[in-house]
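Morning, everyone. Let me put the model up, and then we'll walk through one part of chain B.

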Amino acid sequence: MLALIHNTFRERIRGKTFHVVAFIGMAIMLLVTTGDSNLMINGRKVSGFEQMVPVALSITGFVSGLLAVMVSLRTIPDEFERKTTHLVLVRGIKPWQYMFSLTVGNMLASLFCMLSFYVSLVVFCVAYGRPGLILPTFLCIIVMSINSLFLSAAVSVVSIRAPVYVAGVAGILVYAAGILHGVLDTLADTAQGVGAAAARILLFLIPDLSAVQQQASNILTGAPVDPGPVLATLLLLYLVLSLTFVLFRKEV
Amino acid sequence: MFKAFTSMIKSVEVKALKILECCGLVKTYGRTKAVDGLSFSVEKGEVLGFLGPNGAGKTTTIKMILGLTRPSGGKVLIDRNTKTGYSPETPYFHPFLTGHEVMRFYSRLQKLDRQTAGRQIAELLELVGLSGAAGIRVRNYSKGMLQRLAFAQALLGDPELLVLDEPTSGLDAVGRIEMLGLIGRLKREGKTIIMNSHILGDVEKVADRILIIVNGKPAGMADRSDLAGAGLEEMFVKTVGGAGHACADT
């Protein structure tokens, strides 16, 4: 299994798309957060470290989420398409070991991407004269990476049975629903009947990614951290990962 | 005691000389029967040639033997301890890996220790003439080079049973002669080989027995003595019906 995980990670990291998107993401974040910013929110100029932290983390979260979806999208369908599955399965690797390893490989590639954003956040902290926040920034990135890990696992699991574009759309929808969890929660409260029940189930299955991001932000700003959303996302991540034990394609 | 490739396999003891036995194999895709009641056995140390027109069900049969697809009926019996190597018809590898990395990857999946793997990889790449190209990414390999690499990875771990699906496909004349020479050498070393091909001459050169499949059904079985008088081509044309099948010796 380690060989499969290592191979998947290696394939993802060697991809050109990965490097291009990661570079663009880091560049945008540094330009927005460390330049002479004219960023306005609700008509007020956003400046100062405390105000810029959520902005920096939002950009990091968005780009890393996008990367997690892109990195995880093709791994499993490619294996079936080019039939590399044959030479793996004839060696006694069980389908669940195979799918689990590919998913974990994708997750590690997404984690690696998050760690590369750590460098950008460190530059951001130093630019605002807060070098003492380098360690908290690392903790912040670790918490943020839970979102990427969840997205990566979800897209990987969907791609076991569904075509690439379905997995991609599913990934983006999960990300959007996760970030807008609070808004959707309010909307669900206004719904009635079957619609309300369906919305509640959906919201239960999709973690509150914005709440996780908020906890990461709190680590940097020194505000109290609520472990609830983080633990809930980890639990859902575990459930999604466990699906790799039962899902496989009929024909390889 | 026996490896259950399908849910239908029963723990029946395979006779000592037989390394593999297929009983009444059936595979259906919707209403189409790709394989229809195929029974045969393979004895230790022999080369069994699978011959048949395109779409006869040869590759489907091989996939059932390897456990890559579940038979719709019948059973495959193989000793659990039999080490099997497989060289696919269209070699498919991770394109970002070099030839050496491909071999290393599969050796790790087979849990070969580092020292054994290193030795075998060097020997096998030398054997198939890819030592000089071991550091090149496989996306830059020609079809013939991929075929050789597929053959090399099938031999990792010194398997007793080799399943070769169109092993000479994509090779030039010299490569084809070398490949058939290698198969002959492995046969002399006592390996059991199932070779699937649509090239009559290749099968005739190396096979001890030949199973002809047409429309998923066994259409004939011949051994070397049967072929002594009439050539394989003549026999094949008689069995298959000649015209309309792309099986000429090329």
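Start with one pair: B:Leu48 has B:Arg209 as its bridge partner, and B:Arg209 sits in strand 8 of chain B. Strands here are DSSP runs of E, at least two residues, while helices are runs of H or I, at least four residues, and both are numbered from the N terminus.

A word on the source. This is a predicted model, where local features need pLDDT of at least 70, side-chain atom pairs count only at pLDDT 80 or more, and totals for chains, interfaces and linings use all residues. Residues are numbered from 1 along each chain as its sequence is written, and chains are lettered from A and ligands numbered from 1 in the order in which they are written.

Back to strand 3 of chain B, residues 47–51. It pairs with strand 8, residues 209–214, in the parallel sense over four bridges. Two strands count as paired if DSSP finds at least two bridges between them. B:Gly49 stands opposite B:Ile210 of strand 8.

Now the other neighbour. Strand 3 and strand 7 of chain B also pair in the parallel sense, over five bridges. There, B:Phe50 has B:Asn196 of strand 7 as its bridge partner.

Which way do the residues of strand 3 of chain B point? B:Val47, B:Gly49 and B:Leu51 go one way, B:Leu48 and B:Phe50 go the other, and all are buried. Buried means 20 or more other C-beta atoms within 10 Å of the residue's own, with exposed at 12 or fewer, partly exposed in between, and C-beta atoms placed from the backbone. Five of the five residues are buried, so strand 3 of chain B is largely enclosed by the rest of the structure.

Zoom out to the sheet. Six strands of chain B form an open sheet, order 5-6-7-3-8-9, with mixed pairing. Strand 5 (84–87) and strand 9 (217–223) are the edges, each pairing on one side only. From one strand to the next, the twist averages 15 degrees.

Helix 1 of chain B, residues 58–66, packs on this sheet and touches strands 3, 5, 6, 7 and 8. Its direction makes about 150 degrees with that of strand 6. Such angles run from 0 to 180 degrees between N-to-C directions, and axes are lines fitted to C-alpha atoms, for helices over the stretch in contact.

Last, the whole chain. Chain B has eight helices and nine strands. Of its 250 residues, 45% are buried.

Definitions and conventions:
Contact = placed C-beta atoms within 7 Å.
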